[in-house]
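Here is a short briefing on one protein model. Topics follow in turn, starting with the pocket.

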Amino acid sequence: MCFAAAASALSACQGGGGTMAAVGNEPSGAPPSDFCAGHKPRRILHADPSNYRRMIGGLVPGDTLVLAAGEYPRLIIANLAGVPGRCITITGPAGDRPAVIFGEIGNRTVQIIDSSYIVITNLVIDGRGLPGADGIKAVASAHPATHHIVLDGNLIIGAGANQQTDGITTKTATWNWVIRRNTILSAGTALYLGDSDGTAPFIAGLIENNLVVDPIGYGMQIKYQIARPELSGMPEVPQSTIIRYNVFKKSGRPSPDGNRPNLLVGGFPEKGAGSNDLYQIYGNLLVDNPREALFQGSGRISFHDNVLIGGEPAAAVFRDHDLPLKLAEVFDNKIYSPHIGIEFGSPARQGESVFGNVIFAETPIAGVGLSESGNIVFEPAPAVDRSASPQ
């Protein structure tokens with residue numbers, strides 16, 4: 001986790017505790033990262049590859065299931081529910097020898113169905129490069145209730161058979177997920193949260209201290225959201241999804257299904273529940289992308305204290321995508337780009353401000369109807385024609 005720690009340190013050096021400029025109708029809710037805290041484990045149970053599936057079915061709130069080192073068939077968590085303060089935890093062992101969950105062709109390596117207050121931690125999740133073997137997937141179901149999930153300290157590998165294979169993905173409405181301290185290497189798409197038609201909203205998430213290296217497509221995408229389904233317990237007041245202290249690094253690997261940014265966030269519903277939600281994106285390190293922007297966002301965004309290096313044709317792009325760009329507060333970032341530093345491809349309907357950024361770029365700031373001030377910009381010196389210089 002050295003890169004995640006480095007991202008955290010970068011944020012601290014930049015003053016990562018900075019506050020967002022005040023705007024109206026701010027979210028009153030925030031992802032509660034401690035919803036499992038409050039009580040000691042009810043039971044600590046031990047399992048091995050021969051019996052772990054049977055034991056999972058008998059877990060009750062407050063139980064911790066410790067898997068012995070070894071090789072395990074895929075993990076299915078279905079209709080399992082902890083309660084606040086008494087999550088159900090499934091963890092790998094302490095020490096150097098891991099518990100490894102192996103993938104199968106066409107199946108998710110770890111599958112979560114209609115479950116809540118669950119912690120999955122300290123596992124190696126290996127899709128073995130098999131088609132369809134996503135790392136961790138919350139799947140759609142007839143009675144969706146997949147919320148308050150913690151994915152902490154897992155290593156996800158082998159989820160890169162193609163660009164459509166995901167390291168972590170949600171295809172059902174989810175809320176209060178914590179995705180923390182995971183390492184995702186060479187996935188097709190590292191994190192894909194929500195569904196492509198906007199019907200599976202990812203709400204009030206906390207995504208922090210993850211290391212994402214060398215995906216084919218997105219390092220992370222949170223899909224846009226249309227009108228939300230009415231589900232018991234789903235937040236109705238404005239919420240924040242927080243993305244902080246992560247590393248998203250790409251390479252020049254081919255992207256046969258289309259080039260993708262390191263990080264993309266989509267818009268929120270036009271009206272009703274979720275329409276005043278906010279992305280708070282800070283303290284992240286986004287590095288390298290030879291064919292796309294490092295960051296692209298629409299919806300309502302506070303983007304600050306990040307470090308961006310590279311990007312084509314721009315480092316950070318704010319624009320309409322599936323839904324409009326509504327709000328953009330962009331401040332105190334450090335950006336190096338060979339082309340454009342910050343670009344607004346669309347106006348932000350509820351307002352935008354761009355201030356306090358330090359930008360090294362051929363074109364530091366560009367855009368539509370842009371209000372910016374107090375930025376420190378460095379443009380490359382013009383090339384000197386030495387052809388006529390005396391010999």
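The largest pocket is lined by 13 residues. Gln163, Gln164, Asp166, Thr189 and Tyr192 lie nearest its centre. Strand E13 (166–170) and strand E16 (189–193) are the elements that give two or more residues to that lining. The model is predicted: local features need pLDDT of at least 70, side-chain atom pairs need 80 or more, and totals for chains, interfaces and linings use all residues. Residues are numbered from 1 along each chain as its sequence is written, and side-chain values use heavy atoms, without hydrogens or water.

**Pocket terms**
- About 220 Å³ of space lies in the largest pocket, a volume being the space filled by probe spheres set on grid points joined across faces, edges and corners.
- A pocket is an open set of points on a 1 Å grid over the protein atoms alone, where a 1.4 Å probe fits, with protein on both sides within 12 Å along at least five of seven lines; lining residues have an atom within 4 Å of a point.

**Confidence**
- The average pLDDT (the predictor's confidence in each residue, from 0 to 100) is 89.
- Residues 1–25 fall below 50.

**Nonpolar core**
- The largest nonpolar core has 68 residues; such a core joins buried (under 20% relative accessible area, 1.4 Å probe, protein chains only) Ala, Val, Leu, Ile, Met, Phe, Trp, Tyr and Cys through side-chain atoms within 4.5 Å.
- Leu67, Phe295 and Phe318 have the most contacts inside it.

**Strand pairing**
- Strand E4 (residues 75–78), a DSSP run of at least two residues, covers one face with Leu75 and Ile77.
- Four bridges join E4 to parallel strand E7 (residues 110–113); pairing takes at least two.
- Ile77 stands opposite Ile112 in E7.

Definitions and conventions. Buried < 20%, exposed > 50% of the residue type's maximum accessible area, 1.4 Å probe, protein only. Contact = heavy atoms within 4.5 Å.
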